Amino acid sequence: MASNLGFSKHIWFYLIHKEKGVTLIPNPIGWREGNRTSKREKDHSISIEIGNSLEYYNEALTLLKDIRKEFGTDADVELLCEVRDSNSATKRKVAYRDYIDLSTLEYKDNKGKVKFRKKNLENILKSAKSSKIELEREETLIGTTATNLQTKDILIKGRTLFLESKLVSAIDPESNINPILRTPYSYDVENRRDTTGGNNVESRIAFPLDIKFTSHPDDVSSSSPDTQGGGLITSVRGNFYNTQLSNASFFTISEFDRTLNVKLDLSFDLDHGTSDEFISDKWSVILRRHPQSAISINEHYDEIVLFERLYTSTNYDDTIHIVEDLILDLKKGDTYSLHIHYKSILGSDAGDEWSRCNIAFKDSYISIEENNTTPERTRKTITAFNLGKRLVELITGNANHFHGPVLETGIWKNLTLSSGLWVRGFYGEFYGVDEDDIENPNDIQRIKTSLNDFINFCDTKLAVGVSFKLIDGIEKICFEPIKDKYRSRVLITLDEQPFDFSRKVSSDMLYTGVKFGDKFADVEDGVDLYEEIYGMSEYNTLSEWSTEFYKKENIYEKITVYRTDATGKTLALKKSIESYPNTDTRFDENIFVFHVKDIDATILEERTWQDDFQEPPKNIYSPDDATNLFFTPKQMFKRHSFLFNTELKKSIKYLSGRGNNSLSTLDNNGILTVENDDVNISETNRQLFFADEITFSTPYNEQIIKQINGQTNINGEEVLNVHGLIRFRNQEGHFEHGFINQIKEDDKIEFKIQAINPITKKI
């Protein structure tokens with residue numbers, strides 16, 4: 001269009017180069033046609049793409065060719081476009097700015113084209129946001145000096161864990177998948193003396209036990225699988241015996257002082273066979289406690305005789321059944337063993353003499369339960385605000401590109417994060433030193449995470465998304481509640497009647513199910529959540545619901561790799577630097593989330609139910625030390641519900657969950673949240689959308705473009721107009737409202753609008 005040539009009183013274009021300075025250029029040809037597309041992304045932010053159809057001429061083309069020849073194709077050249085501020089006759093504001101790629105320059109007949117290089121903040125962050133970055137690095141990714149990492153101290157107490165293990169007799173087919181290793185389950189035991197031996201002969205037999213399940217993987221052990229019937233330990237004369245303790249131990253070298261509730265239900269049959277010069281047999285079942293240094297079963301502190309019976313007649317048979325409920329106190333390093341003692345007194349005549357008995361093991365078990373606590377430790381942590389700011393600084397070289405008031409005010413200001421290594425007490429103090437030259441190899445590692453994982457956490461757990469805005473002349477990545485990207489206030493108004501109307505169903509907004517939780521818990525049903533313990537008590541896991549829609553599967557899924565489970569944090573704390581300086585754990589690189597009481601305290605402490613709820617949480621083990629109660633799958637469900645409840649009329653049915661999915665809480669506003677119940681639509685956030693996408697066009701209009709590109713100050717906050725409602729006349733000439741999905745600026749302006757629920761309140 002001829003009217004595009006030259007200079008304008010309402011829009012200005014500049015080429016910027018660090019050596020050539022800022023140069024005002026004639027309006028490029030096509031500056032109105034196809035320059036910008038504004039599009040709502042999956043994270044609900046509005047991204048802007050600038051087209052590559054601009055043509056440069058006269059001074060602009062000459063300048064581009066000169067820079068290319070003098071500084072090369074890698075030279076940074078920025079195109080800046082400013083428009084007049086609609087609120088001021090003298091002020092201007094930036095419409096867009098981006099870098100151009102001189103390697104794409106082509107020209108003919110004094111007209112040249114060059115493509116954009118995508119070097120605005122959004123694209124700079126996008127190029128590195130999936131990379132794991134060490135937060136403590138001293139240099140940014142662009143080579144500038146980074147500021148010092150700001151951390152705080154937090155007192156981590158850990159949860160009281162209910163630990164349970166069960167050992168069963170080796171004849172249990174469910175626990176012993178290879179019973180050949182333990183055959184026979186009944187066999188003959190013989191006490192024999194020769195012509196020169198004494199008349200007291202004894203044998204000791206390990207009870208054959210397999211681990212059915214365990215919350216004590218480092219402690220609970222089964223009797224050796226390559227020993228017959230659990231292990232014939234020895235048959236000797238007298239009271240002395242020297243055999244391996246490991247053959248009979250079932251709780252081996254305790255990690256720390258503890259108290260165990262041990263329940264035993266043991267059964268076996270005795271059937272005495274042949275004997276010669278028999279006087280008596282005595283059978284005993286013995287529980288022994290051994291020191292850490294013990295190698296043989298003979299080395300022990302003390303013992304409990306669970307059963308003892310004397311037989312004086314030959315050819316006896318008996319069924320032994322022992323039921324005991326014991327409280328055992330262990331010190332660090334203690335081991336417990338269980339064995340059967342078979343002692344015979346034989347005659348003293350010359351010649352061989354013996355007593356032979358068949359022992360047959362029956363269904364038996366040992367249950368070990370423990371209320372396990374962990375010593376509290378003071379560790380390093382970083383606030384969520386400072387973590388986001390740090391990542392942006394390390395990628396761009398400038399922390400001022402980060403804007404996150406939602407993480408500085410309100411309840412989310414009290415969020416901090418630590419790596420598993422930080423929880424354990426490793427802070428990378430010997431980073432860069434050869435592993436062979438330091439005492440603790442874990443101390444060469446640093447905390448690291450990615451901007452992508454941080455954004456995902458904010459989205460998934462907090463319902464906080466990102467957008468890109470100009471604030472005080474600086475482009476910033478802004479963290480703000482997702483609901484604020486759908487303001488129920490009209491910020492764009494189209495007075496003229498649009499044309500080319502069409503409507504279609506937005507099937508991607510009709511969800512058949514929803515899924516919320518932590519990545520570590522995204523496992524098949526029946527798979528335990530923790531290798532270390534039986535993990536059914538943890539509530540910050542993962543849950544699923546289904547809706548009334550079923551024809552085309554479409555799941556609204558929000559899962560984060562950051563961990564909010566108190567169990568994982570506690571297990572990491574157990575492997576502290578104080579006790580396990582040379583041990584790696586699978587928690588080391590995990591990022592754990594802490595919701596604390598007061599972010600300004602000298603030493604932070606985690607929130608418990610007393611801080612936010614009217615009463616202790618129900619259906620949960622040890623409710624008084626439960627933490628992160630706002631991050632359960634159901635709490636996530638509630639925050640996101642306005643994004644997936646579109647056009648639903650029936651209740652949303654609970655399907656399944658991992659770990660403890662029966663938790664219920666009553667918050668200080670009197671709102672009851674039950675993790676595993678169905679949800680009525682009336683209990684979700686208001687239904688904001690109607691699943692129709694409306695498309696139409698308007699003639700190109702400067703006033704409309706100003707509205708689209710503009711921001712509105714609402715209660716002191718700069719809000720992008722594209723995050724508010726748009727008001728337009730529909731094909732019937734009636735006013736209608738919706739949210740922007742996409743705007744394409746060409747010789748006309750093409751709109752794609754998300755329809756809203758007719759009852760949505762508009763301001």
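A residue is called buried when its relative accessible area is under 20%, exposed when it is over 50%, and partly exposed in between, with a 1.4 Å probe and protein chains only. The model is predicted, so local features need pLDDT of at least 70 and side-chain atom pairs count only at pLDDT 80 or more, while totals for chains, interfaces and linings use all residues. Residues are numbered from 1 along each chain as its sequence is written, and side-chain values use heavy atoms, with hydrogens and water left out.

**Exercise 1. Describe the six-stranded sheet and the place of Cys81 in it.**

Step 1. Helices (H or I, at least four residues) and strands (E, at least two) are DSSP runs, numbered from the N terminus. Two strands pair if DSSP finds at least two bridges between them.

Step 2. The strand order is S2-S1-S6-S7-S8-S5 in an open sheet with antiparallel pairing. Strands S2 (21-25) and S5 (55-57) are at the edges with a single partner strand each, so one side of each has no neighbour in the sheet.

Step 3. Axes are lines fitted to C-alpha atoms, for helices over the stretch in contact, and angles run from 0 to 180 degrees between N-to-C directions. With direction ignored, neighbouring strands of this sheet are turned by 40° against each other on average.

Step 4. Six bridges join strand S1 (residues 11-17) to strand S6 (residues 77-84) in the antiparallel sense. Phe13 has Cys81 in S6 as its bridge partner. Cys81 counts as buried because its relative accessibility is 1%.

**Exercise 2. Determine where Asn110 lies and whether Asn110 is buried, partly exposed or exposed.**

Step 1. Asn110 belongs to the loop between S7 and S8.

Step 2. The relative accessible area of Asn110 is 43%, and therefore Asn110 is partly exposed.

Step 3. The phi angle of Asn110 is near 65°, a positive value in a residue other than glycine.

**Exercise 3. Find how the buried residues of helix H2 are arranged around its axis.**

Step 1. In helix H2 (residues 121-128), the buried residues are Leu121, Glu122, Leu125 and Ala128.

Step 2. Viewed down the axis of H2, these residues fall within an arc of 145° (the arc of the directions from the helix axis to the C-beta atoms), so they line one face of the helix.

Step 3. An α-helix has 3.6 residues a turn, so residues three or four places apart point the same way.

**Exercise 4. Describe the four-stranded sheet and the helices that pack on it.**

Step 1. The order S34-S32-S33-S37 makes an open sheet with mixed pairing. S34 and strand S37 (653-657) are the edge strands, each pairing on one side only.

Step 2. Neighbouring strands here are turned by 15° against each other on average, direction ignored.

Step 3. S32 pairs with strand S33 (residues 542-546) in the antiparallel sense over five bridges, and Phe516 stands opposite Ser543 in S33.

Step 4. Contact means heavy atoms within 4.5 Å. Helix H5 (residues 451-462) packs on the sheet by touching S32 and S34, and its direction makes about 120° with that of S34. Helix H8 (residues 633-644) also packs on the sheet, touching S32, S33 and S34, and its direction makes about 140° with that of S32.

**Exercise 5. Describe the surroundings of Thr560.**

Step 1. Thr560 is part of strand S34 (residues 555-560). Its relative accessibility is 0%, so Thr560 counts as buried.

Step 2. Residues up to four places away in sequence are not counted; Thr560 then touches Asn456, Phe457, Thr460, Lys461, Gly517, Asp518 and Lys519.

Step 3. A polar contact is a pair of N or O atoms within 3.5 Å; within protein, one must be able to donate a hydrogen and the other to accept it, and residues adjacent in sequence count only if both atoms are side-chain atoms. Such a contact, of 3.4 Å, joins the side chains of Thr560 and Asn456.

Step 4. Thr560 and Phe454 are 106 residues apart along the chain, and their C-alpha atoms are separated by 9.0 Å.
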